[in-house]
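The exercises below are to be worked with the sequence and the model open side by side. Each task is followed by a solution in steps.

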Amino acid sequence: MSSLVARKLLREVGQVQVLAVRHGSAGPPIPVQKVDIGKREIVGFGTNGEATYMDDVMCPFPAIRFKEDTGEIVALRQKEKGDWKKITTEEKKQLYRASFCQTLVESEAPTGEWKSVIGIILMGISVGLVGYMWMNKYVYLELPSTITDENKKKAQIERMIALRMNPVEGIASKYDYEKGKWKE
């Protein structure tokens with residue numbers, strides 16, 4: 001029995017969505033929107049025509065109010081339709097907070113997110129350094145004696161000069177073979 005009701009409901013909602021799409025509406029059908037937003041009033045187009053609330057400096061007027069209208073807010077909305085000089089500053093603030101979550105100044109205020117970003121970057125750098133030190137200690141072999149032993153380095157250079165290696169731009173180009181010493 002419940003499956004029949006569910007099928008019928010899905011069929012009807014699907015037909016409403018098809019009609020909505022045919023007529024150029026991209027959002028969900030009105031009955032589904034009312035379920036999503038509750039009793040909040042739709043007051044404008046919003047960012048992209050959907051009935052959603054979002055504090056955004058680039059689109060400062062959301063499609064729906066921030067809070068649902070309660071007894072106190074309904075009374076203030078009736079008072080708002082009259083002379084604004086009779087409304088106190090506190091009542092104006094309550095009306096504003098019922099429509100918006102944040103002021104524009106509050107939305108543009110720094111959040112301190114940069115601290116977490118810097119922390120994550122520093123943790124990444126420290127993991128890299130620990131990995132580098134571990135690789136140096138346990139993975140890499142000791143440097144060969146041809147690099148660390150000074151006598152072997154000198155012998156290699158003498159052999160390169162004797163074989164006249166890289167005579168145009170290399171080490172042999174900096175050696176004067178006629179005088180038998182390095183060029184100055």
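The chain has eight helices and two strands. The model is a predicted one.

**Exercise 1. Overall layout**

Task: Give the order of the elements from the N terminus on, and state what percentage of the residues of the chain count as buried.

Solution. Step 1: Reading from the N terminus, the order is α-α-α-α-α-α-α-α-β-β. Step 2: The chain has 184 residues, and 16% of them count as buried. Step 3: Among contacts with a separation of 6 or more, 30% are between residues 24 or more positions apart.

**Exercise 2. Packing of two helices**

Task: Describe how helix α3 and helix α4 pack, with the angle and the distance between their axes.

Solution. Step 1: Two packed helices are described by the angle between their axes and the distance between the axes. Step 2: For α3 (residues 71-80) and α4 (residues 89-99), the angle is about 115 degrees and the axes are 10 Å apart. Step 3: This angle makes α3 roughly perpendicular to α4, since the range for that class is 65 to 115 degrees. Step 4: The crossing in which α3 passes α4 is left-handed. Step 5: On the α3 side the contact is made by E72, I73, L76, R77, K79 and E80, and these meet E91, Q94, L95, A98 and S99 of α4. Step 6: Sorted by class, this contact of α3 with α4 holds five charged, four nonpolar and two polar residues.

**Exercise 3. Aromatic pairs**

Task: How many aromatic pairs does a search of the whole structure find? Classify the pair of Y53 and F66 and the pair of W134 and Y138.

Solution. Step 1: The search of the whole structure gives five aromatic pairs. Step 2: A pair of aromatic rings is described by the distance of the centres and the angle of the planes. Step 3: Y53 and F66 are 5.3 Å apart centre to centre, with 55 degrees between the planes, and the pair is tilted. Step 4: Both residues lie in the loop between α2 (30-37) and α3, so the pair ties together parts that are 13 residues apart in sequence. Step 5: Y53 has a relative accessible area of 18% and is buried, while F66, at 29% relative accessibility, counts as partly exposed. Step 6: For W134 and Y138 the ring centres are 6.0 Å apart and the planes are at 45 degrees, so this pair is also tilted. Step 7: W134 and Y138 are four residues apart in helix α6 (residues 113-139), which means a separation of about one helical turn. Step 8: W134 is partly exposed, with a relative accessible area of 47%, whereas Y138 counts as exposed at 55% relative accessibility. Step 9: One aromatic cluster is formed by Y175, Y177 and W182.

Technical notes: Residues are numbered from 1 along each chain as its sequence is written. This is a predicted model: local features need pLDDT of at least 70, side-chain atom pairs count only at pLDDT 80 or more; totals for chains, interfaces and linings use all residues. Side-chain values use heavy atoms; hydrogens and water are left out. Axes are lines fitted to C-alpha atoms, for helices over the stretch in contact, and angles run from 0 to 180 degrees between N-to-C directions. Angles under 35 degrees count as roughly parallel, over 145 as roughly antiparallel, 65 to 115 as roughly perpendicular and the rest as oblique. A crossing is left-handed if the near helix is turned anticlockwise from the far one by less than a right angle, and right-handed if clockwise. Contact means heavy atoms within 4.5 Å. Ala, Val, Leu, Ile, Met, Phe, Trp, Tyr, Cys and Pro count as nonpolar, Asp, Glu, Lys and Arg as charged, and the others, Gly among them, as polar. Rings of Phe, Tyr and Trp (its six-membered ring) pair if their centres lie within 6.5 Å; planes under 30 degrees apart count as stacked, over 60 as edge-to-face and the rest as tilted. Buried means under 20% relative accessible area, exposed over 50%, partly exposed in between (1.4 Å probe, protein chains only).
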